[in-house]
Amino acid sequence: MSFIEFRNICKKYPGAEKNTVDGFNLEIQEKEFIAFVGPSGCGKSTTLRMVAGFEEITGGDLYIDGKRVNEMAPKDRGIAMVFQNYALYPHMTVEKNIAYGLKNMKVPAAEIKKKVDWAVKILGLEEYRLRKPKNLSGGQRQRVALGRAIVKNQKVFLMDEPLSNLDAKLRVSMRTEISKLHRELGATTIYVTHDQVEAMTMADRIVIMKDGIVQQVGAPLELYNHPANKFVAGFIGSPQMNFFDVTVKGNTVSFADGNQLILEKGALAKLNGRGGEMILGIRGEDLKLDAQNMELYGANSQRAVITNTEVMGNENNLYFTFGGSQAVARVSKYEISQIGDEIEFVFMPSKMQFFDKKTGENYIKNDAEE
Ligand SMILES: Nc1ncnc2c1ncn2[C@@H]1O[C@H](COP(=O)(O)OP(=O)(O)OP(=O)(O)O)[C@@H](O)[C@H]1O
Ligand SMILES: [Mg+2]
């Protein structure tokens, strides 16, 4: 049995018309780092709080370490949690804040001291241990909140947007610290975020949710390369995947503005005889402007006029209108174009995804070929 198992977990808040979390199924292995992502209100915190025991489970069964825990009190579940809106005790020093939970659990003083010493060391808070929260930076406060959770030494670590209060630079460094901490502690972790970059960089597997329903579960690159539907394709990756309304007939893809491209054998095989109206998706980095790809696939090359550019330093984003949609190509920093320039580009044949226009389902199934 998996370490944490969600079997058809549902949550219906009193008075709500429908389930806020609906039929959530997932098996988490011991020591895994799982990220829940999805837009605001999709049920991430609700799901996490059901694991912690702070929110009643209204349907389904939840197992932790082989035991059904639906009715088990939070303190007996073997869980430590960092909340979305954590609050430190303002009148207590860093070390007292970290020790507080252990004191409540009646842990002996010597043991508490050992744990606090360990936590401040591992979190780089040694020189701040006698300071009060108001004299700490946001990142230091965040580490104190993490410290309170890690000293509890539990089997399961739940974190609800622990970095949401930090500025962009601190988020990046805390991301690394949390990953490191996870490697050192080895606690099974569920990490909630609406930031797909955090999920991509930290998690072993990502659970992507929308309106209380799991859309896809998979390793970061699996979701990136083989999104199960248009929602996942659009949510993971920045800038967002390009989408075009197209009509496929035989091997010909026609765009809304009359442009066409001919599908090569591989892409055609993946479509498996499907035709008609659908949505073509392709990531910005898979629209190629370089000479080598032009040589290979140039017979299918397309033209567009740049309407905007983003010079990122390491790469450039070139925006243009094509096929009746706004689109973006991600190109290397050496490929410089100006607004008004005409570009020639190709759709990388193996990277095209085709989505059902109504359901959003991806017609191109994940296969071993990359
Ligand atoms: N106690 C409650 N009673 C009724 N509805 C609630 C309650 N708590 C949350 N909800 C609703 O349930 C839905 C899911 O909320 P939840 O907090 O789980 O979302 P989330 O995915 O964590 O969003 P965010 O990214 O904004 O934190 C929302 O529509 C919210 O308004
Ligand atoms: Mg939340």
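1. Let me start in a loop: Lys31 sits between strand S2 (21-28) and strand S3 (33-37). This is a predicted model, and in it the phi of Lys31 comes out near 75°, a positive value in a residue other than glycine.

2. You'll find Asn153 in the loop that links helix H4 (138-150) to strand S7 (156-160). With 15 C-beta neighbours inside 10 Å, Asn153 counts as partly exposed. While you're checking backbone angles, have a look at Lys106 too: just after H2, Lys106 takes a positive phi of about 60°.

3. Stepping back to the whole chain: ten helices and 20 strands. The C-alpha trace spans about 75 × 45 × 40 Å along its principal axes. Of the 370 residues, 35% count as buried. If you look at contacts with a separation of 6 or more, 65% of them come from residues 24 or more positions apart.

4. On domains, the chain is divided into domain 1 (4-230) and domain 2 (240-356). How far apart are the C-alpha centres of domain 1 and domain 2? They lie 39 Å apart.

5. Now the helix pair I'd open in the viewer. Two packed helices are described by the angle between their axes and the distance between the axes. For H2 (residues 94-104) and H4 (residues 138-150), the axes come within 7 Å and cross at roughly 30°. That makes H2 roughly parallel to H4, because angles under 35 degrees count as roughly parallel. The crossing of the two helices is right-handed.

6. Which residues make that contact? On the H2 side they are Val94, Asn97, Ile98, Tyr100 and Gly101, and on the H4 side Val144, Gly147 and Arg148. By type, the residues of the H2 contact with H4 divide into four nonpolar, three polar and one charged.

7. Staying with H2, its buried residues are Val94, Glu95, Asn97, Ile98, Ala99 and Leu102. Note that Glu95 is on that list. What do the buried residues of H2 pack against? Their partners are helix H3 (109-122) and H4.

8. Ala228 deserves a point of its own. It lies in the loop between helix H7 (220-225) and helix H8 (230-235), yet Ala228 is buried, because 21 other C-beta atoms lie within 10 Å and the cut-off for burial is 20 or more. Leaving out residues up to four places away in sequence, Ala228 touches Gln215, Gln216 and Asn362. For a distance check, Ala228 and Val217 are eleven residues apart in sequence and 9.3 Å apart in space, C-alpha to C-alpha.

9. Last, a peptide bond to look at before you set anything up. Ser238 and Pro239 are joined by a cis peptide bond, with omega at about -5°. Pro239 lies in the loop between H8 and strand S11 (242-249).

Terms used: Residues are numbered from 1 along each chain as its sequence is written. Chains are lettered from A and ligands numbered from 1 in the order in which they are written. This is a predicted model: local features need pLDDT of at least 70, side-chain atom pairs count only at pLDDT 80 or more; totals for chains, interfaces and linings use all residues. Axes are lines fitted to C-alpha atoms, for helices over the stretch in contact, and angles run from 0 to 180 degrees between N-to-C directions. Helices (H or I, at least four residues) and strands (E, at least two) are DSSP runs, numbered from the N terminus. Angles under 35 degrees count as roughly parallel, over 145 as roughly antiparallel, 65 to 115 as roughly perpendicular and the rest as oblique. A crossing is left-handed if the near helix is turned anticlockwise from the far one by less than a right angle, and right-handed if clockwise. Two residues are in contact if their C-beta atoms, placed from the backbone, lie within 7 Å. Ala, Val, Leu, Ile, Met, Phe, Trp, Tyr, Cys and Pro count as nonpolar, Asp, Glu, Lys and Arg as charged, and the others, Gly among them, as polar. Domain bounds come from an automatic or database domain assignment. A residue is buried if 20 or more other C-beta atoms lie within 10 Å of its own, exposed if 12 or fewer, and partly exposed in between; C-beta atoms are placed from the backbone.
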